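Here's a quick walk through the model on your screen. Keep the viewer open and follow along, one region at a time.

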Amino acid sequence: MKHIAFYIANINGAAGTERCVSMISARLVEDYQVSIISFNEGLNPFFSIDSRIKLFSLEGEKIKKHKTLPIVKRLLKLQKMQRFDCIIVVDICIFLPIAIMKLFTRIKTIAWEHFNCSIKRDKIGELSRKLAVHYADKLVVLGKRDLSNYKKRFPKLRKIECIYNPIAFEVVNAFDVKNKHIIAVGRLEMQKGFDLLIEAWKIVEPHCRDWKLFIYGEGTMRESLQQKIDDFNLSHVFLSGFSENIQAEMKKSGIFVLSSRYEGFVLVLLEAQAFGLPIVSFDCREGPAEIVDDGINGFLVEPENVEQLAQKMIELINDDSLRIFFSENSQKDLYRFNIDGIIKQWRKMLNEVLIEN
C-alpha cells in the first residue's frame, strides 16, 4: 500500500484548512497508508483524525527563527523511517523545505494552494510558490478562476488541476425568516476584514434596531475590533469568541456575511448555504464568486466597499421575501462540493502521480 503524507503548518488548528485535511485524509486512508506531518506542534488536532492515521511533528516552534535547513534534516530523517511515496503540501507557501528534500529523494509531491495566485507572499512564500510551480508533480487549486489565473501567470505550467474543498456539514435547510441574527465567522485577523464589517454595521445599526451582528472567532485583532465597536458606540454587534458548535449558531441566524479582503476557497460560505442562509459577501479574490450566485442566493459586493456592504445588508434585512428567495436557492449548486465526488478526484490524481514512481 502506498504511503502518502500531508505536510501542514499545524494540524492542531481549528480553521477550514485543518478541517478539510481531516476530512480528506479520513477517506483516503481506505486506499493508502496516511500520515500527517506538522511543521509546528500537531500532535493534538482540534478536528477528529482517523485512528489509522499517524501524526508527526517537526517541532518547528523549537527552532530559532524557523530556519529551513533544520526542518529539511528532520524531514529527511522522517522519510528514511517512514518511506513516504508522496507528500501533499498543504498551502503552497511552505513548499520550500519539500523542494530541497526532493534533491535527496525520489519522493512525489503535490502542492495544494489554499489561498490564490493573486496573493502577494513574503520572499520565502513567493520562492515556495515558484518552486512548487516548477517542481511539484501536481499543483492543486481550489477554484476555476484561480486555475485560470495560474495558467496566465505561469504559461508553461501543465501539471495543475482544480479540486474543490468538500462541504463539512450535512445539507439541511434550517432557515427561519424570523431569525434576526447576522453571523460572520473567521479568525480575527486583517484578512477577514471584520474592521470593515464593523464600519458597515455602523451604517446598518441605526436602521435595523431589532437585528444583531455576531462575529465568531479569535485572533490578534480582538482588542482593536472591540475598541472600534466601543468608539462607534454600537450596542448590537458582538465579538462572540470561538464556537465549538458553529452549526448551532448558523441555525439561529438569518443572514451570513463575509467581509474578507481576500480568500482562497471560502468553506464557511458553503456551510452557510448548507443551512439555507442568504449571503452578503465582498466579491474578493478568489472564492466567493464561485459559490454565491449574485441576486439568486446572495449579494456579491464590490471588494472593501463598506457603504455597499451596508446597503445590501439593509436591503436584505428589510425584505423578508428576498431572504426566503435566497434561502430557497442556497443549496442549488452544493452537489459540486459533495465529498464523494471530490475524493474520486483525489484518488484519480494520486494514482496518476504515484504510478510514475
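In what order do the 7 strands of the open sheet line up? They run 3-2-1-4-5-6-7, and the pairing is parallel. Strands here are DSSP E runs of at least two residues, helices are H or I runs of at least four, and both are numbered from the N terminus. Two strands pair if DSSP finds at least two bridges between them. Strand 3 (54-57) and strand 7 (160-162) sit at the edges, each pairing on one side only. On average, neighbouring strands of this sheet are turned by 20 degrees against each other, direction ignored.

Helix 2 (residues 68-82) packs on the sheet and touches strand 1 (3-8), strand 2 (33-38) and strand 3. Touching, or contact, means heavy atoms within 4.5 Å. The direction of helix 2 makes about 150 degrees with that of strand 3. Further along, strand 5 (residues 108-112) runs parallel to strand 6 (residues 138-141), and 3 bridges join them. Look for Trp112, which stands opposite Val140 in strand 6.

## About the model

This is a predicted model, with residues numbered from 1 along each chain as its sequence is written. Local features need pLDDT of at least 70 and side-chain atom pairs count only at pLDDT 80 or more, while totals for chains, interfaces and linings use all residues; side-chain values use heavy atoms, leaving out hydrogens and water.

Strand 9 (residues 212-216) and strand 10 (residues 237-241) pair in the parallel sense over 4 bridges. Phe214 stands opposite Phe238 in strand 10. Strand 10 has two contrasting faces: Val237, Leu239 and Gly241 are on the covered one, Phe238 and Ser240 on the uncovered one.

What about strand 12 (residues 279-282)? Both of its faces are covered, with Ile279 and Ser281 on one side, Val280 and Phe282 on the other, and all of them buried. Buried means under 20% relative accessible area, exposed over 50%, and partly exposed in between (1.4 Å probe, protein chains only). Strand 11 (residues 255-258) pairs with strand 12 in the parallel sense over 3 bridges, and Leu258 has Ser281 as its bridge partner.

Helix 6 (residues 194-204) is largely enclosed by the rest of the structure, because 8 of its 11 residues are buried. Among them are Phe194, Trp201 and Val204.

Helix 11 (residues 306-317) and helix 12 (residues 320-328) pack at about 100 degrees, with their axes 6 Å apart. Axes are lines fitted to C-alpha atoms, for helices over the stretch in contact, and angles run from 0 to 180 degrees between N-to-C directions. That makes helix 11 roughly perpendicular to helix 12 (roughly perpendicular covers 65 to 115 degrees). Glu315, Leu316 and Ile317 in helix 11 meet Asp320, Leu322, Arg323 and Phe326 in helix 12.

## Cysteines and a loop arginine

How many disulfides does a search of the whole structure find? It turns up 0, counting a disulfide as a pair of cysteine sulfur atoms within 2.5 Å. Cys86 is in no disulfide, and the nearest cysteine sulfur, that of Cys20, is 16 Å away. Cys86 counts as buried, at 0% relative accessibility. Cys93 isn't in a disulfide either, with the nearest cysteine sulfur, that of Cys117, 14 Å away. At 23% relative accessibility, Cys93 counts as partly exposed.

Arg106 is in the loop between helix 3 (96-101) and strand 5. At 74% relative accessibility, Arg106 counts as exposed.

Key: Parallel < 35°, antiparallel > 145°, perpendicular 65-115°, else oblique.
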